[in-house]
Amino acid sequence: QVQLVESGGGLVQAGGSLRLSCAASGRFFEINDMRWYRQVPGKQREFVASITRGGRTNYADSVKGRFTISRDNTKTTEYLQMDSLEPEDTAVYYCNADVKVNAFLSSLGYWGQGTQVTVSS
């Protein structure tokens, strides 16, 4: 069974920084694209950033220039470095990954449990 576990959320003042981590565990063949999403109560979950296995990145316009997504050399952990945080960044942040459980099956999408980020003004 594949699990994605996020960490690194918390409370920070506007202008501050936080670094989120998402580590994959369990039995799998490889992880392809990894992403971060966020959700505010009463609103739809929105895309924040993505990174391919090869390292190509993509960002939502609202976080470009402030957030940086990366992944480690094992390709099983992703990070989201969040700088110049704004109160509008307050949300539950979720990691998402396309996981191949073996070499013969297509990737399946997995979600982490979410981590709360609160930015005070």
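Q: Which residues of the largest nonpolar core touch the most other members?
A: In this predicted model, that core has 28 residues, and Trp 36, Val 48, Phe 67, Leu 80, Met 82 and Tyr 93 touch the most other members. Two or more residues come from each of E3, strand E4 (30–39), strand E5 (46–51), strand E7 (67–71), strand E8 (77–82), strand E9 (91–100) and strand E11 (115–120). E9 gives the largest share, 5 residues.

Q: What makes a set of residues a nonpolar core?
A: The members must be buried, be of a listed nonpolar type such as Leu or Trp, and be joined through side-chain atoms within 4.5 Å. In soluble globular proteins, nonpolar side chains tend to be buried together.

Q: Which residues is Leu 80 in contact with, leaving aside neighbours within four places in sequence?
A: Leu 80 is in contact with Leu 18, Arg 19, Leu 20, Trp 36, Val 48, Ala 49, Phe 67, Thr 68, Ile 69 and Tyr 93.

Q: Why is the link between Cys 22 and Cys 95 called a disulfide?
A: The S to S distance is 2.1 Å, and the criterion is a pair of cysteine sulfur atoms within 2.5 Å. The pair therefore qualifies as a disulfide. The structure holds 1 disulfide. Cys 22 lies in strand E3 and Cys 95 in strand E9, so the bond ties together parts that are 73 residues apart in sequence. Both Cys 22 and Cys 95 are buried.

Q: Why is the disulfide of Cys 22 and Cys 95 called right-handed?
A: The torsion about its S-S bond is about 45 degrees, so the disulfide is right-handed.

Q: Why does Arg 35 count as buried?
A: Its relative accessibility is 16%, and buried means under 20%. Arg 35 therefore counts as buried. Arg 35 lies in strand E4. Not counting residues up to four places away in sequence, Arg 35 touches Ala 49, Ser 50, Glu 78, Tyr 94, Cys 95, Asn 96 and Asp 98.

Q: What makes the approach of the Arg 35 and Asn 96 side chains a polar contact?
A: The distance is 2.5 Å, against a limit of 3.5 Å for N or O atoms. The two side chains therefore make a polar contact.

Q: How do you know that E1 and strand E3 (residues 18–25) pair?
A: They share 5 bridges in the antiparallel sense, whereas pairing needs at least two. The two strands therefore pair. Ala 24 in E3 is the bridge partner of Leu 4.

Q: Which residues form the covered face of strand E1 (residues 3–7), and which the uncovered one?
A: Leu 4 and Glu 6 form the covered face, and Gln 3, Val 5 and Ser 7 the uncovered one. In a regular strand the side chains alternate between the two faces of the sheet.

Conventions. Residues are numbered from 1 along each chain as its sequence is written. This is a predicted model: local features need pLDDT of at least 70, side-chain atom pairs count only at pLDDT 80 or more; totals for chains, interfaces and linings use all residues. Side-chain values use heavy atoms; hydrogens and water are left out. Buried means under 20% relative accessible area, exposed over 50%, partly exposed in between (1.4 Å probe, protein chains only). Helices (H or I, at least four residues) and strands (E, at least two) are DSSP runs, numbered from the N terminus. Contact means heavy atoms within 4.5 Å. A polar contact is a pair of N or O atoms within 3.5 Å; within protein, one must be able to donate a hydrogen and the other to accept it, and residues adjacent in sequence count only if both atoms are side-chain atoms.
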